[in-house]
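Q: I'd like to learn how to read ring pairs and nonpolar cores in a model. Can you walk me through it?

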Amino acid sequence: MKMIDDEIIILDRKIKKFNNIIDEFERKNNVDELLLKEQLNDILGQFEVCLKYTNISDYDCSLISAIKYANNIKKHSHSLFDYSVSTLALYPSDNLFPSNSLYPSAFKIWWNTLPLDNNKFKNQYDCYNEKLLNKDLQSSINKVYKIIKNGIERF
């Protein structure tokens with residue numbers, strides 16, 4: 001049991017660091033894409049390690065399948081995430097015309113569209129599109145973290 005205890009401690013640290021970084025991005029209204037990619041890759045890898053020791057309920061299986069797809073595709077995809085930062089309303093001018101891109105936006109980071117590289121992962125791909133695509137990155141990472149923590153305790 002010592003090994004899984006160590007892995008959970010590592011996951012706890014990675015989640016705390018991830019959440020702090022996302023909060024800092026929001027405070028500064030700026031996303032460091034490379035840092036976010038690094039943190040996301042670390043967490044997805046640690047999820048894989050911990051999931052080996054996790055009892056997953058039937059209810060959570062599709063979300064776990066979706067997160068596994070994100071982990072498997074991360075090395076083949078341009079970006080697992082997309083984001084917007086808060087923008088202020090633009091003042092009318094002679095050379096700007098109303099469009100969706102000119103309206104104020106909020107700070108958000110969400111899961112990006114991913115390709116299906118191999119048909120043998122079609123189920124995971126479908127789960128990803130249903131459970132993660134365009135969903136809030138931070139809240140879904142924290143949800144998977146809770147599933148793992150609860151599943152380890154019940155294991």
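**Rings and core**

A: Let's start with Phe47: leaving out residues up to four places away in sequence, Phe47 touches Leu11, Ile15, Ile67, Ile141, Val144, Tyr145 and Ile148 (contact means heavy atoms within 4.5 Å). This is a predicted model, where local features need pLDDT of at least 70, side-chain atom pairs count only at pLDDT 80 or more, and totals for chains, interfaces and linings use all residues. Residues are numbered from 1 along each chain as its sequence is written, and side-chain values use heavy atoms, with hydrogens and water left out.

Q: Which residues have the most contacts inside the largest nonpolar core?

A: In soluble globular proteins, nonpolar side chains tend to be buried together. Here the largest nonpolar core has 41 residues, and Phe47, Trp111 and Ile141 have the most contacts inside it. A core is a set of buried Ala, Val, Leu, Ile, Met, Phe, Trp, Tyr and Cys residues joined through side-chain atoms within 4.5 Å; buried means under 20% relative accessible area, with a 1.4 Å probe and protein chains only.

Q: How many aromatic pairs does a search of the whole structure find?

A: Rings of Phe, Tyr and Trp (its six-membered ring) pair if their centres lie within 6.5 Å; planes under 30 degrees apart are stacked, over 60 edge-to-face, the rest tilted. The search finds three pairs. Tyr69 and Tyr128 make a tilted one, 6.2 Å centre to centre with 50 degrees between the planes, and both are buried. Trp111 and Tyr128 have ring centres 6.1 Å apart and planes at 90 degrees, so that pair is edge-to-face. Ring pairs link Tyr69, Trp111, Tyr125 and Tyr128 into a cluster.

Conventions. Buried means under 20% relative accessible area, exposed over 50%, partly exposed in between (1.4 Å probe, protein chains only).
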